[in-house]
Amino acid sequence: GDTGWHIRTGEYILDHGSVPRVDLFSFTKPGAQWYAWEWLSDVALALLHRAFGLKGVVFAAGLIIAAWPVLLLRQALWRGAHPWLALAVTLPGIGAASIHFLARPHILTLAFATISVWMIESDLAKPRWSVWLLVPLTVLWANTHGAFVVLILLLGLTAIGAVAEAWGGVRSWGAAVRYSVLTVACGSASILNPYGLRLHEHIAGYLRSDWIRNVVQEFRAPDFRSESQLQFEALLIIGVAVAAILASRKRFVHALWILVFGHLALTSLRHAPVYIAVVAPVLAQAGTELWRSAVSRSGPNSAAAILDRIGLDSAHAYRRTSLWIPLFLAGYLLLASAAVWPQDFPALNFPTRMAQRYSDLISRSRVLTVDQWGDYLIYRFYPRQRVFADGRSDFYGPEIGGEYIRAVEGDYRWRDTLNRYAVEVVLAPPTWALSTILKSDGGWRVVADDGSAVLFVRAARR
């Protein structure tokens with residue numbers, strides 16, 4: 001649903017030539033300070049939407065989602081991983097990261113994190129001037145998604161690990177200085193955004209917020225019940241074992257990467273895809289070292305040796321690139337029938353039919369609805385539409401967010417909340433406690449009920 005307000009934010013920037021600094025979309029916090037911290041991604045989404053509609057947004061997101069595992073696999077192969085072990089890590093890694101396979105700016109973080117790790121790895125193997133390209137990459141990242149702090153953390157851990165490795169005699173002290181300077185340079189470059197250091201303060205407050213961690217599902221710790229989380233659990237357990245082996249060999253940089261990003265992913269499911277982007281190639285390489293050690297102890301005609309040779313013989317296929325792929329994609333984008341592309345948000349998840357049938361009533365009213373449905377209403381009806389709340393949990397915070405949750409749960413103060421903000425229309429799932437209450441309340445009447453959404457209006461309105 002967040003895709004809706006991202007598109008409209010990008011269009012606002014294109015139309016006004018400036019990044020918004022106050023809220024555009026709510027009637028609960030009108031004119032309040034707001035950080036459009038993904039403004040450059042929003043502009044890209046808006047340009048795609050203006051050129052191709054949702055077709056362009058879906059296509060671009062799908063392209064990035066498809067390209068990211070290729071980068072991950074190619075990096076593992078570049079590190080010398082056996083093709084089969086690279087696949088054995090990459091495939092469950094894709095599953096573990098799939099919780100964020102959405103048309104939202106954070107999919108760029110997966111690509112940026114993988115590219116950054118590859119650049120750092122290349123420099124660790126042999127110092128290159130190209131590693132300083134991480135500085136302009138930081139500027140780009142800081143204006144497209146708030147997870148640019150991943151790169152600064154990654155470089156900081158690399159500097160600390162390089163100090164430990166220099167102390168252990170396996171790396172020069174110059175590397176520690178190099179990555180320390182690079183960390184400072186990238187940290188300073190991240191200030192080059194429309195909000196300066198205030199953006200960093202806002203992100204720090206956002207990540208420390210207990211309220212966010214308690215109410216936003218993707219910020220909660222994993223419960224290891226879904227398939228994707230079980231895949232993450234397997235890679236996390238393997239990662240801890242690999243970190244111990246690496247530390248015993250004085251390879252502290254990679255051990256720190258695994259432990260710190262693994263810890264972050266355990267505290268918040270949102271960080272699991274980043275753990276995969278940073279750690280998966282390291283696990284594939286470590287597994288390859290163990291595999292080769294086992295093969296070397298077996299005979300040349302053993303099953304292990306034969307399997308090893310078969311896998312190595314197929315390595316060239318994993319590195320193959322064809323111009324037919326971009327040509328096919330370009331043709332598909334330009335020529336594919338509109339029938340196979342979304343013309344609206346999916347009706348399975350959003351009240352699209354209700355919004356179409358009662359567009360005039362909804363768009364001119366102060367509406368309380370599901371936060372993700374609020375995102376859709378912004379997409380559908382902005383600038384006419386204002387909502388009680390939408391998916392910007394960092395903006396609404398515990399005050400408005402708490403009132404929203406209490407109202408939808410049917411807390412005894414629900415009437416005070418709706419009156420205080422002059423809510424005129426409620427668009428709710430039938431499962432909401434508030435839906436049950438409003439159906440029996442004389443002050444509200446049901447306009448429509450299609451089984452998946454109920455539209456209420458104050459009884460005094462026609």
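Colleague: Hi! Which strands does helix α19 lie across, and at about what angle to β1 does α19 run?

Modeller: Helix α19 (residues 371–381) lies across β1, β2 and β3, and α19 runs at about 140° to β1. Contact here means heavy atoms within 4.5 Å. Axes are lines fitted to C-alpha atoms, for helices over the stretch in contact, and angles run from 0 to 180 degrees between N-to-C directions. Helices (H or I, at least four residues) and strands (E, at least two) are DSSP runs, numbered from the N terminus.

Colleague: Thanks! Where does the model come from?

Modeller: This is a predicted model, where local features need pLDDT of at least 70, side-chain atom pairs count only at pLDDT 80 or more, and totals for chains, interfaces and linings use all residues. Residues are numbered from 1 along each chain as its sequence is written, and side-chain values use heavy atoms, with hydrogens and water left out.

Colleague: Back to the sheet: in what order do the 5 strands come?

Modeller: The order is β2-β1-β3-β5-β4, in an open sheet with mixed pairing. Two strands pair if DSSP finds at least two bridges between them. β2 (386–387) and β4 (444–449) are at the edges with a single partner strand each, so one side of each has no neighbour in the sheet.

Colleague: How many bridges join β1 to β3?

Modeller: There are 3 bridges between β1 (residues 366–369) and β3 (residues 425–428), and these strands run parallel. Threonine 369 has leucine 427 in β3 as its bridge partner.

Colleague: New topic! Is proline 20 buried or exposed?

Modeller: Proline 20 is buried, with a relative accessible area of 2%. Buried means under 20% relative accessible area, exposed over 50%, and partly exposed in between (1.4 Å probe, protein chains only). You'll find proline 20 in the loop between α1 (2–16) and α2 (39–52).

Colleague: And what is proline 20 in contact with, leaving aside neighbours within four places in sequence?

Modeller: Its contacts are Thr9, Tyr12, Ile13, Trp34, Ala36 and Tyr195.

Colleague: What about leucine 333, where does that lie?

Modeller: Leucine 333 is in helix α16 (residues 324–335). Leucine 333 is buried, with a relative accessible area of 14%. Beyond its neighbours within four places in sequence, leucine 333 is in contact with Phe52, Lys55 and Phe59.

Colleague: Last one: how far apart in space are leucine 333 and isoleucine 238?

Modeller: They are 40 Å apart, C-alpha to C-alpha, with 95 residues as their separation in sequence.
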